[in-house]
Amino acid sequence: MRRIITATVNNSSGVLNRITGVISRRQYNIDSISVGWTETPNVSRITIVVHVDSLYEIEQVTKQLNKQIDVLKVSDITDDPHMERELALIKVNAPAANRAELNSIIEPFRATIIDVGKTSVVVQVAGTSEKVNAFVDSIRPYGIQQMARTGVTGFTRSAK
Amino acid sequence: MIKVEKQTTTKSGAQLLIDALNAQNVEMIFGYPGGAVLPLYDAFYDCDIPHILTRHEQGAVHAAEGYARVTGKAGVVVVTSGPGATNALTGIADAMSDSIPMVIFTGQVATPGIGKDAFQEADMIGLTIPITKYNYQVRDVKDIPKIIKEAFHIATTGRQGPVVIDLPKDMSLATTDTVNDDTIHLPGYQPTLKPNGMQLEKLMQALATSSKPVILAGAGVNHSRATAELLDFAERYQIPVVNTLLGLGSFPQDHPLFLGMGGMHGSYAANMALTDPDLLINFGSRFDDRMVGAPKEFAKHAVIAHIDIDPAEIGKVLTTKIPIVADIKETLTQLLEMSITDETDKTHWYKLNMTRKERHPFTYNRDSKAEIKPQKVIEIIGEITEGKALVATDVGQHQMWVAQFYPFSHDHQIMTSGGLGTMGFGFPAAIGAQLAYPEQTVVAFVGDGGFQMTNQELAILNDYNINLKTVIINNGSLGMVRQWQEKFHNERYSHSIFQSQPDFVKLAEAYGVKGVRLTDPQTLAADLKEAFAYPGPIVIDCVVSPSELVLPMIPPGKANHQMEGVE
Ligand SMILES: Cc1ncc(C[n+]2csc(CCOP(=O)(O)OP(=O)(O)O)c2C)c(N)n1
């Protein structure tokens, strides 16, 4: 099962190494991991997507992460109302003749063309991994030259 | 956070380090010098803390572990960068596996060389992340007091463990007249010591309705010095007690409620009690696979209560109905303040355990006239030392025989590599213990194989006047490997039987240490007594039966009741 975990950590050197080490050592596969600054200085947020076989396994992962001295808080937000976003940059074949058609795919996904070349364009799309996947599938037939995805970042929704 | 600076007189990093060690009341440092730590060693020249120069960095770390294991205080080690630091890795991993408090300073090349494959550079942060509780690299000389204070705090609190401080040479040389605030501020590290009251209630309710309870007492009981409380608790509710290897000493061995050690080479009574209880209370053991070979079969019908200071241990191996994250002593103290109306009759359970214990004790051929039985050596030494010696073992068959036959009587008494299973551990660990307690009898039981991994530390027995009794259980082979080959590999003794052996007596003598060889089973008791009466360090080479097996045994992966070799 796919689980999404967030961790706030001290932004000290080697912290990412510690986190990934804990997870890989216990033989869980990391699907994606993304790190960035938070509202607090020297504190980073890590979002990790892992695939595990059972809730027991994810509990082990979060407990082991929690044990790390640089980890301030760990949550498995999969079952909480939460938002997740991933960004992808995709360079796709776009000979002049195809551009209108491409646009008609891009628009419903609220993707944007951020660079235009002679025969290709670069498209940016953001959303859940599912949406990004769907988009990638839709434009794959045009010929993807290059693609970079950020991995997921996310947190829980505000209390209503 | 605002960095507060404190004024000091101008000091070097090395001097700040020594000040910090003094502030921690460090009693001794184990180490080995080299280029990257020369500034430190220069400072040691005028320092009051004794430094013990071992002959190998692994020896230094194990000796510090021995010191830490018997005193409960952090062991302190200094090694140089690169090869010095990598030589220390085995000991660091060993301390991690057994939750031993340690602070290890590894020298590092000067900051500009880090990451450039400099001479004697090894990435100690990368190498030690998985085998330390935490690690630091000093990047600012002003942080030295703070880092050291934090390191000791982390090493000695919560679930204890080793902390590495990687110290670039330029940081020891740099001078400063101000240092950064050393207040400990670790929001991500707040060990829970007090148990949750509701869970304690649950435990006591479970106990009230249990007719077949059992206690599994692990290293946590020893670490938290909760032996008196454990005894009270077990006696009050008449609960039989099983020890783990590292939990030995936490319960009196001659007590009627004591069933012995459980697990792979544990007693029949202990393993049966772990098979069919209705309530299993685990105080501070991590359900290691040598204890729980087949988790699905272990205490299958029992409610499991697990008390551990490390929340990550609870539920790791077995589903736990009553999880209690806390210090063991604190928990037992609170449990003893509670009372329950015992609703069940436990006499049947008590009798069953007694019968199993009486019928199937650890045993061996005591009457052997042809050869010395290793178990007998241990039994006799148990008598000579009245079960009170500080006992180190190495790893292998002799380790298990010591666990089975030495009458441990108090906490912080056993030094053995339970988690990592490190050959070469026993001898230097015993040295560390003897240095901590020069007046105490310390015994190192070692195999002829493992002794050869760290026997160069014989050199320091005279240097530091270390009155250690070293007992080689010499079976001419890598006994435990030989045993597994006999049982699980069709007696194909691939590379487990030594072609040749050094003369251990001469080896000892070469280092100026007395050596004796014992070969006669008839005079064994008298010979051992004489050897132990020798007023100085002595190596006692006991030539024992080469084919003796450690029994009983649970084959790996089998359930605790599937023991083989039960008499
Ligand atoms: C560093 C290390 N290498 C290898 C092993 C594997 N091993 C476990 S027990 C053992 C045999 C130990 O032989 P010896 O020291 O003679 O003790 P005995 O079993 O004969 O009592 C070996 C090789 C180990 N535990 N540690």
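The model is predicted, so local features need pLDDT of at least 70 and side-chain atom pairs count only at pLDDT 80 or more, while totals for chains, interfaces and linings use all residues. Residues are numbered from 1 along each chain as its sequence is written, chains are lettered from A and ligands numbered from 1 in the order in which they are written, and side-chain values use heavy atoms, with hydrogens and water left out.

**The domain pair in chain A**

Chain A is assigned domain 1 (2–76) and domain 2 (83–156), with bounds from an automatic or database domain assignment. Their centres, taken over C-alpha atoms, are 28 Å apart. Contact (heavy atoms within 4.5 Å) links 9 residues of domain 1 to 8 residues of domain 2. Together the two domains bury about 570 Å², 45% of it on carbon and sulfur atoms; this is the accessible area (1.4 Å probe) lost on being put together, summed over both parts.

The interface holds 1 salt bridge (a side-chain nitrogen of Lys or Arg within 4 Å of a carboxyl oxygen of Asp or Glu). A:R2 and A:E84 form a salt bridge, with their closest N and O atoms 2.8 Å apart.

**Around the ligand**

Of 17 residues around the ligand, B:Q397, B:H398, B:G421, B:G450 and B:G479 come nearest; a residue counts if one of its heavy atoms lies within 4 Å.

| Residue | Polar atom | Distance |
|---|---|---|
| B:H398 | side-chain | 2.9 Å |
| B:G449 | backbone | 2.9 Å |
| B:G479 | backbone | 2.8 Å |

Technical notes
A polar contact is a pair of N or O atoms within 3.5 Å; within protein, one must be able to donate a hydrogen and the other to accept it, and residues adjacent in sequence count only if both atoms are side-chain atoms.
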